[in-house]
Amino acid sequence: MGRPNSSDRPRSRTPGGIAYEVLGPVRVVREGEALPIRAPKQLALLAVLLLQGGELVGRAELVDALWGVDPPHAVDGLVATYAARLRRVLEPDRIRRTAPRLLISSGTAYGLRLERDELDLWRFEDALAEARRARRGRRIPSSRAAYEHALAQWQGGEALAGIPGDYARAERGRLGELRLAAAVEHAEVLLELDEQAEAAEILGELVRDFPHHERLRTLLMLALYRSGRVPEALATFRDARKVLVRDLGLEPGPELTQTHSRMLWSDPTLSRSRPAGAVEVPAELPRDIPDFIGREPELGEVTALLEPRWTPTSPGPCVVVTGAPGVGKTTLAVHAAHLVKERFPDGQLYAELGGGADLPTDPAEVLGRFLEDLGVPARGVPDGLERRAARFRTLSAERSLLVLLDDAFDAEQIRHLMPGSSQSAVLVTSRARLSDLPGRASVLLEELDDLRSRELFRRVAGEAGVDAEPMAAEAVVRACAGHPLALRLLGARVADHGAGELPLLANRLTRRGPRLAELAAGCTSVTAGFRVVYERLRAGADGAADARCFRTLSTLGTAEFGAFAAAAALGTTEDRAARSLSELRELHLLRPGTAPGRHRYHDLLRDFAFGQLGADEAEEASLALLRVVAAYEELVRHADAILRPGRAGAVTESAAPPNALGLLREERTTLVAVVCRAARLGVLRAERLAELTTTIRSFLHRSGHWDDWEALARATLRVVEQEGGEKERPRAAALARLELGTLASTRSSLVEGERQLRLAVGLFRAAGDSLGASRALNNLAIDGIAQGKFEESAAWLEEALSTQRAAEDTLSIGITLDNLALLNLRQGALREARAFANQSIALCRRTGSPLLASVPLNILGLVLSAEGDLSGAVARQRESARLAREQGNLYREAWACFDLSVALREFGDLKEATDTGLEALRLRSEMGDTEGQRSALESLAVTHDQAGLREAAAECRRRAAELTD
């Protein structure tokens, strides 16, 4: 692509003189010299980090960008290696173990610290934005200079030259399109400045590069025609037609054809870059808000979408700003419209469509006013919606208009209000998503984050008041939960009444009941907007069911939920519940949760929904809570039967719903929240809660959700206290102590674990539950082994085994045999350890539970390692990891991978030892097991040392030390 020349391309003005280039070959230049980065993957990594604009990029995203769908083995280590090598080039003077200044990391994510003028792409984008602003403001000479400055950032060829892979290819195409758009706009500006000869020269080069681009052909024809080179202009059309027909099988489009026709009959208007004379245009936008704040990303998205389209056959952009009542849809739309209005020289039309009124505005009425505003006399406005819409499309066909339609009710209301020009745009606000509006781009507004909430409140309330009562101000901001209207209403009250109002407000807002009542001023209130949408919900086809869903789910006390919990709460099917949830999402009464199919309330909407419960629904709310608990109890029993087949009292696997474990993973956070709420409200008895807690323990333990495990156990103890204490409810208390003790041991808090487990043994005995006592003794022995209390642990295990054999509890017998094997291994009695492990393996296979053999196989692998049979040890650890993986037991899989990595290292297979060690680290990270991560990193460091990878080993030890700190 031709001029402007890039020889005077600016470099960084920051200390150290560093500059980054992606608009051509990827390079880093310091003090005028390119740094020696030549490895393709290092350059690719640098390119990804630069294109992410200084943001941290996660390892998974980096792997996808660098290798696509087929990454090599040990790819995590490769990413770390490339990053370390790149850091050495960028920061050659950095002292080891000091924090990096340029290439930073957080966990497994990496990013580059960049100043705005250090990256040629940013300089290009900034100059392009300035060029467009100047052009909209009719500062055409300034616009020309800015376009030429932008294009000078390019280094002649394509962006990311030489970088391999699909990611680079896609980014190369995107940047090339942006460059082409800038070049086209630069040529248009030259035509406006009557620089026809220069425009013709530049456009000629562009046409050679992009022979099928009809807009370029049209501009070249105009430049040649206005330069007096009419034959060349006509020849350009003939050449365009020949190329398009030959290469694409297409005739030239309307713009090119019409320009050619106008040249043939010497249209005098072609001699001017713009039509002569000024035209009075409508300018109907509401007054812009003076203190707009907090919506920069969404504002940027809207303004970018509102770009007129040059292709006559394409409809102009239609952007729908949607969101819950009071989130600032109109404020954003009006502000965006003011920012882009210069793009639409034929004016701006505005209509308020009354989407929240009992009777929304008739589109025929709006069209009548639009026609008059565009110059049609009142007596010339046709009757009827269809005729007015047709006349509006005719009048707007040759104009560039911006139409702002505020508070639309539905898609049908605005369908006839769309102008007929590709260079016009429509901006709509609506409480509904308008999913059935063809061709619309949707921008969803949600609540503000904490930082922008504080900034908005401070702006409205006044800095002096907020600074005088900072803690009270923070409490008020938190109570508004990011809702812009609530923040504005309360901020205005503080501005009116002074800082003394803040502590009073903060006190009142901490109680749910009065909170919504406080969020009102005059005729404006947060509740009024909510009520409009709620009444619309009730008026729908399934309004009664949908409104009941909205009210009932607010009683569950959970951050989010899906159709499973909703169906249980409502006593209906999941399909019916899902339809209600979908309708609530459509009207923004619910918002997306953390995963597909999950939903959540905004805090204020939950308060509103709870306030709509009738007096007769209080008992129903408790019943709904218990229905959800019952559904979760059944789900947990089914999942536990898969995880621990053969457990006494478990449901059979054949009775399990499809993918019970997957469903439990999805529902876990909701389950814990609902069960804890039921416990707090006193509607869930201690025995029932204790059974649920001990049944879900295996799932929570294996999947690493140990905080949830603790929350349920402590909730059980609280309910025990509410019901008279441990003497009145000894078995429920015993189960809670058993879980807390086992969890403490798992977290390596051995003394606390022993205390809780001794209490559990006593409580089980007091309740007459000998099998329960044997479980507690088993876990007590594990804790004792870790403390080196071998004799006591042996006695506890023998007592447990005797009880379990008498009860023929095969699952518990297998667990105790595993623990006896581990005890003997720790004592160095390898023959006895092997015997107990083999007994457990045989028992698992004999009882049809082969997956449970993961634990004894792991112990047997350790025994074989200690005996020097490394080949046998590797085989057993592989089998242990496979069985744990099939069982979904992350905890056991992590142990097996860790021990397999050690065995492979001792066997001499350092590559696979590294891969397996990284997998153990990943599993520990997924479980949130800090101690396990530290051990995995230290083991990896040993493996790297043996492989001669000193830097990788040092990095592992550094990360392990950070975890220790």
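1. Let's start with the overall make-up: the protein chain holds 42 helices and 14 strands. Please keep in mind as you read on that this is a predicted model.

2. On dimensions, the C-alpha trace of the protein chain spans about 110 × 75 × 60 Å along its principal axes. The chain has 965 residues, and 52% of them count as buried. Its exposed surface comes to about 42400 Å², with carbon and sulfur atoms supplying 51% of that area.

3. A word on contacts across the sequence: if you take those in the protein chain with a separation of 6 or more, 65% are between residues 24 or more positions apart.

4. For charge, you will find 126 positive and 137 negative side chains in the protein chain. The centres of these two sets lie 1 Å apart.

5. Five strands make up an open sheet with parallel pairing, in the order β7-β8-β9-β6-β10. Its edge strands are β7 (348-352) and β10 (440-445), each of which pairs on one side only. On average, neighbouring strands in this sheet are turned by 15° against each other, direction ignored.

6. Within that sheet, have a look at β6, residues 318-323. This strand runs parallel to β10 and is joined to β10 by 6 bridges. To find your place in the pairing, look for Val 321, which stands opposite Val 443 in β10.

7. Finally, which strands does helix α11 lie across? Helix α11, residues 296-305, lies across β6, β9 (425-430) and β10. Relative to β10, helix α11 runs at about 170°.

Definitions and conventions
Residues numbered from 1 in each chain as written. Predicted model: local features only at pLDDT ≥ 70, side-chain atom pairs only at ≥ 80, totals over all residues. Heavy atoms only, no water. Pairing = 2+ DSSP bridges. Helix = DSSP H or I, 4+ residues; strand = E, 2+ residues; numbered from the N terminus. Axes fitted to C-alpha atoms, helices over the stretch in contact; angles between N-to-C directions. Contact = heavy atoms within 4.5 Å. Buried < 20%, exposed > 50% of the residue type's maximum accessible area, 1.4 Å probe, protein only. Areas by Shrake-Rupley, 256 points an atom, 1.4 Å probe, with all protein chains shown as cover. Lys, Arg positive; Asp, Glu negative; His and termini not counted. Charge placed at Lys NZ, Arg CZ, Asp CG, Glu CD.
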